[in-house]
Amino acid sequence: MSELIALSARAAAAAVAAGGLDPTELFEAYRARAAADTLNAFTWVAEQAPAPDGAARAPLGGVPLGVKDLFATKGVPSQAGSKILAGYRPPYTATVVERLATAGAPLLAKTNQDEFAMGSSNENSAFGAVLNPWDRARVPGGSSGGSAAAVAAGLAPWALGTDTGGSIRQPAALCGIVGLKPTYGAVSRYGMIAFASSLDQAGPLTRDVADCALLFAHMTGRDPCDATSLQHPEAIAVPTAERLDGKVIGVPEELTGEGVEPGVMAAFEAALARARELGARIERVALPHADHGLSAYYVLAPAEASSNLARFDGVRYGYRAEADDLLAMYTRTRHDGFGPEVKRRILIGTYALSSGYYDAYYGRAQRVRTTIARDFAAAFEAVDLIATPTSPGVAFRLGAKTGDPLAMYLNDYFTVPMSLAGIPAISIPCGLAEGLPVGLQLAGPAFSENAILDAAHALEGALAFDGSAVRS
Amino acid sequence: MIDREQVLHVARLARLELTEDEVERMAGELSSILGHIETITSLPLDDVPPTTHVVEVESSLRADEPRPSLPRDVALACAPDVADDGFRVPSPQA
């Protein structure tokens, strides 16, 4: 591993700003690694470094960025991991990608993902599965699996992902890196190819917590092109906290018990012990409706997806199947263009929204969502943050869960409740089980990203997780 | 719980063609997923309002000022079939 690749993104940015590092050389070093990738982490890699104009004065110093395939990037393939968008090169760029480029993080590569962000293993991609750099026989998690694997393996200094029910946090956990799902609305969704609009949120995947804060600081803000985007009430600061004195961390019984692998539970308990040593108080909290999160999620997300994905009809962009009449062209295009998981969710969502079922499914799921948000609000009266394992298990073997959709959905058990409540949550690596990374999830109230990043930074220092072995 | 007729009905609504194999497989898989989802139908939720947006957003309208739209040639550039400055599709009645 070269010295350049060993630098954290913020150290590289600082070196560029100080004149000690040529941003073109940095870009080329990563470009060469990305182009030689053997994990299938990318769907497209830049052919050359951008002009280095102004990189030294830009806050992100020209440090290149991996971007999940589903972000629209002008003139650059953007297929959301789907065959149905074959050949699509959008005429515009997503707001968040534009903002980061302006701040000095130019596009390095597009990263592989589960098709339309539907999946927890990255095996649902039209571009094929991504391999986990910790063990190539295992999945990197999903849906932002390409972004997570690329950052873990040092093929990109940092990357953008999206999280609808865990799609940043779970792959970050399975690949031993940091991933943040921001408060819903903190980052513009304009130019993100939509999956479930009331849940989708873009966020950073990075090697460590400080890099995460630095990238996130340049992502937030109201965007006139996204009516659900909000001005974050706080400026995001790069964290320096080393202690947790006075902090109360809640551990919900509902999200730490049944179904968690023993190795994951052991790493989680050890992380809580570190938090105590740093001065935090650990308390049990109740999230009585959290158990219903997954059920509500698997109504709401497919319902919204079935509506969002109606636009893929073979008329305006992407793949078209040949047919003699219009209806057959639509139905055949969608048959050939969508993969099995996307079809499954379109059917669930269409069923849940169909006449006679709307109140029983979608309407009730929205009410469950209210109860979960209320549970969190009540819990945050008593505690500052809530901690859970990010995922019930470590990275599983490729193919292990592809035959059982429900078993795959259970991966999202601990991450979905926060998505439904719209609150921010981070995953940081907290240890190894069977030689594979385990993620710790920390969640807080809406717009508490600074508090989450501070606590994550303090814990990161105490946990001293080292992922450098897989960046060689 | 979900039979093949229901799968075909929903697939029609979703404008999605399915092969015979897919219809069979989906019937089984959807039944198992909906079986899990069913748990929420027994919760007492009548007094709970639905949540559509978790963070309150006030609707704000931008100034209604004319500005250029996407040029026609750019909008058509990604289309699979273009004719006479428009998207060409097969006839609905063929």
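**The largest pocket and its surroundings**

Mentor: Sixteen residues, given as 16 in the computed count, line the largest pocket, and those nearest its centre are Tyr92(A), Met192(A), Ile193(A), Ala194(A) and Arg311(A). A pocket, on a 1 Å grid over the protein atoms alone, is an open set of points with protein on both sides within 12 Å along at least five of seven lines, and a lining residue has an atom within 4 Å of a point. The model is predicted, so local features need pLDDT of at least 70 and side-chain atom pairs pLDDT 80 or more, while totals for chains, interfaces and linings use all residues. Residues are numbered from 1 along each chain as its sequence is written, chains are lettered from A and ligands numbered from 1 in the order written, and side-chain values use heavy atoms, without hydrogens or water.

The space in this pocket comes to about 340 Å³, a volume being that filled by probe spheres set on grid points joined across faces, edges and corners. Its lining comprises 11 nonpolar, 1 polar and 4 charged residues (Ala, Val, Leu, Ile, Met, Phe, Trp, Tyr, Cys and Pro are nonpolar, Asp, Glu, Lys and Arg charged, the others, including Gly, polar).

The structure has 2 cavities of 30 Å³ or more, a cavity being a set of points where a 1.4 Å probe fits but cannot get out. The largest cavity holds about 60 Å³. Its lining includes Gly142(A), Phe195(A), Tyr297(A), Arg345(A) and Asp412(A), and divides into 4 nonpolar, 6 polar and 2 charged residues.

Ser143(A) sits in the loop between S3 and helix H5 (145–152) of chain A, where helices (H or I, at least four residues) and strands (E, at least two) are DSSP runs numbered from the N terminus. Phe116(A) belongs to that S3–H5 loop of chain A and, although not a glycine, has a positive phi of about 50°. Most residues other than glycine have a negative phi, and most peptide bonds are trans.

Strand S3 brings in charge pairing. Lys110(A) and Asp69(A) form a salt bridge, with their closest N and O atoms 4.0 Å apart (side-chain N of Lys or Arg within 4 Å of a carboxyl O of Asp or Glu). Lys110(A) lies in S3 (residues 107–111) and Asp69(A) in the loop between S2 (65–68) and H4 (95–102) of chain A, so the pair ties together parts 41 residues apart in sequence. Over all chains the count is 22 salt bridges.

Finally, consider the interface. With contact meaning heavy atoms within 4.5 Å, 62 residues of chain A and 53 residues of chain B take part. The chains bury about 5,100 Å² between them, 68% of it on carbon and sulfur atoms (accessible area, 1.4 Å probe, lost on being put together, summed over both parts). Leu347(A), Arg364(A) and Arg367(A) supply 14% of the area that chain A buries against chain B, more than any other three residues. Between chain A and chain B there are 4 salt bridges, among them Arg332(A) with Glu17(B) at 3.2 Å, N to O. Elements giving two or more residues to the side of chain A that touches chain B include H10 (326–337), H11 (340–353) and H12 (359–382) of chain A. The largest share of that side, 11 residues, comes from H12(A).

Notes. Buried area is the accessible area (1.4 Å probe) that two parts lose on being put together, summed over both.
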